[in-house]
Amino acid sequence: MSLSSALSIAQSALLATSKQTSVVSRNVADASNPDYTRRIAVVTSTAPGARAVEIQRAANDLLFRQNLSALSAWSGQSALYNGMDQLDLSVNGVDNASSPSTAIANLQQSLQLYATTPSNQNLGTSVIDAAKQVVNSLNSGTKAIQDFRTQADSQISTAVNDLNSLLSQFQDANKAVISGTRSGTDVSDALDQRDAILKKISEYVPVSTFTRGDNDMVITTKDGTTLFETVPRSVTFTPSAGYTAGTPGNTIYIDNVPVSAGTGDTTADGKIAGLLKLRDGVASTMQSQLDEIARGLVTAFAETSSSQPNAAGLFTWSGAPAIPAAGTLIDGLAGTISVNAAFDPSAGGNPALLRDGGANGAAYVVNTGGASYSDLLISYGNKLDQPMAFDSSAGITVSSSVSDYAANAIGWFEGVRQQASTNADSKQALAARTAEALSNDTGVNVDQEMSLLLDLEHTYQASAHMMKTVSDMLDSLMAAVG
């Protein structure tokens with residue numbers, strides 16, 4: 001081997017080692033970056049004694065896709081469960097203290113106490129006060145639910161804007177990948193950036209991807225709707241200024257295709273689906289249940305007459321004096337139910353009408369036996385425990401008493417919330433496991449990199465020693481010639 005060839009080999013080895021060292025140093029510097037994929041410096045021989053370094057990216061498409069799916073499921077489930085927690089506190093209060101069920105139980109106790117001493121009008125006033133608490137629970141619960149739906153609607157609008165922004169960022173990153181691939185330059189950083197954006201997109205909607213020539217990526221939703229192909233597809237949504245009971249929420253469209261939130265109330269894939277289920281599923285069902293409780297109360301406390309149709313009694317509503325049809329949901333009734341002013345002493349009414357009847361005229365008077373009469377009061381208390389028909393669209397049993405129905409409404413919500421919590425825990429664990437598996441396969445192990453760096457240091461020293469030897473031999477040769 002000539003001295004010039006030996007010198008060339010040593011120089012090539014030094015350059016290769018320098019590039020390898022640079023790659024290892026970059027790996028160590030970005031070891032804590034969850035969006036960084038480990039780089040591998042692959043040395044190849046291009047000519048006798050010459051070396052070239054190619055930088056490869058340690059990617060695992062299967063694990064990455066699994067992680068995207070898990071991230072989407074966790075994001076949707078987290079949004080759903082956290083929203084349920086907020087909804088429960090705003091409607092039912094701590095330990096259900098402000099729930100209709102608790103208020104109805106207090107009303108029953110007040111009725112029973114009044115029935116034991118029907119001549120005591122202070123006890124009658126206490127019943128009216130308890131009835132006001134029932135009304136307040138239903139009215140405030142309705143307002144809380146509709147405010148929550150409005151808030152969820154606003155969050156959906158924000159999520160849609162964020163998704164459009166991420167798709168625009170993805171377009172820029174995808175262009176960088178395509179351009180670098182075509183020019184033959186290292187696109188590792190551009191691929192990392194594109195994958196990081198894709199992770200964020202998956203938190204809003206579940207996605208599938210496939211890669212075409214020049215590393216060009218196409219994104220679709222799980223149901224096949226194109227989300228990105230060369231350019232982003234438009235994600236559109238028109239937010240509502242406010243909601244009332246029974247008002248449907250506006251639809252989200254991806255490339256003019258409506259977005260589905262999926263089935264059931266306890267699972268959601270992607271933050272947008274979670275918010276849709278809160279706005280149009282869980283919250284709407286809770287509202288329907290409040291409306292059915294309110295309808296049941298109007299019916300249970302209706303005044304009856306042998307010659308006249310039943311008329312609204314202690315509890316009245318916008319359709320009074322008529323009684324709502326049995327087993328038929330009336331949207332928003334819980335928001336408009338009120339205590340009949342004829343019974344309310346603060347409005348000039350008489351609580352004794354609850355004992356005697358007659359709020360709707362003489363035809364409805366029941367008591368003609370004096371102040372000790374309690375049959376009507378007892379009958380009202382009994383009606384709260386007597387089965388009646390409820391609308392099946394409200395999500396719980398169609399035949400039960402008003403008091404049981406109110407308790408079942410709490411039970412229904414606690415059931416879906418508990419299931420949502422269980423699902424959230426399992427999906428969080430799955431997201432963590434897939435992220436760990438992906439990191440183990442494509443992330444940086446600092447110990448390994450430092451070990452590799454030590455090996456490269458030895459290689460560098462050997463190459464440098466070889467150059468020193470060649471240099472010394474050249475010096476000796478020149479001295480001999482001179």
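This is a predicted model: local features need pLDDT of at least 70, side-chain atom pairs count only at pLDDT 80 or more; totals for chains, interfaces and linings use all residues.
Close-up 1. Helix α4, which runs through residues 121-183, is made up of 63 residues and reaches 92 Å from its first C-alpha to its last, a span close to the 93 Å expected at 1.5 Å a residue.

**Close-up 2. The largest nonpolar core and leucine 297.** The largest nonpolar core holds 89 residues, and those with the most contacts inside it are Ile201, Leu297, Phe301 and Phe315. Helix α4 supplies the largest share of this core, namely 19 residues. When its neighbours within four places in sequence are left aside, leucine 297 is in contact with Ile104, Val134, Leu138, Phe315, Ile337, Leu384 and Val402.

**Close-up 3. The open sheet of β7, β8 and β9.** In this view 3 strands form an open sheet, arranged in the order β7-β8-β9 with antiparallel pairing. Because β7 (235-236) and β9 (257-258) stand at the edges, each with a single partner strand, one side of each is left without a neighbour in the sheet. Strand β8, residues 253-254, pairs with β7 in the antiparallel sense over 2 bridges, and valine 235 stands opposite isoleucine 254 in β8. As a general rule, the strands of a sheet pair through backbone hydrogen bonds, either parallel or antiparallel.

Definitions and conventions:
Residues are numbered from 1 along each chain as its sequence is written. Side-chain values use heavy atoms; hydrogens and water are left out. Two strands pair if DSSP finds at least two bridges between them. Helices (H or I, at least four residues) and strands (E, at least two) are DSSP runs, numbered from the N terminus. A nonpolar core is a set of buried Ala, Val, Leu, Ile, Met, Phe, Trp, Tyr and Cys residues joined through side-chain atoms within 4.5 Å. Buried means under 20% relative accessible area, exposed over 50%, partly exposed in between (1.4 Å probe, protein chains only). Contact means heavy atoms within 4.5 Å. The expected span of a helix is 1.5 Å times one less than its number of residues.
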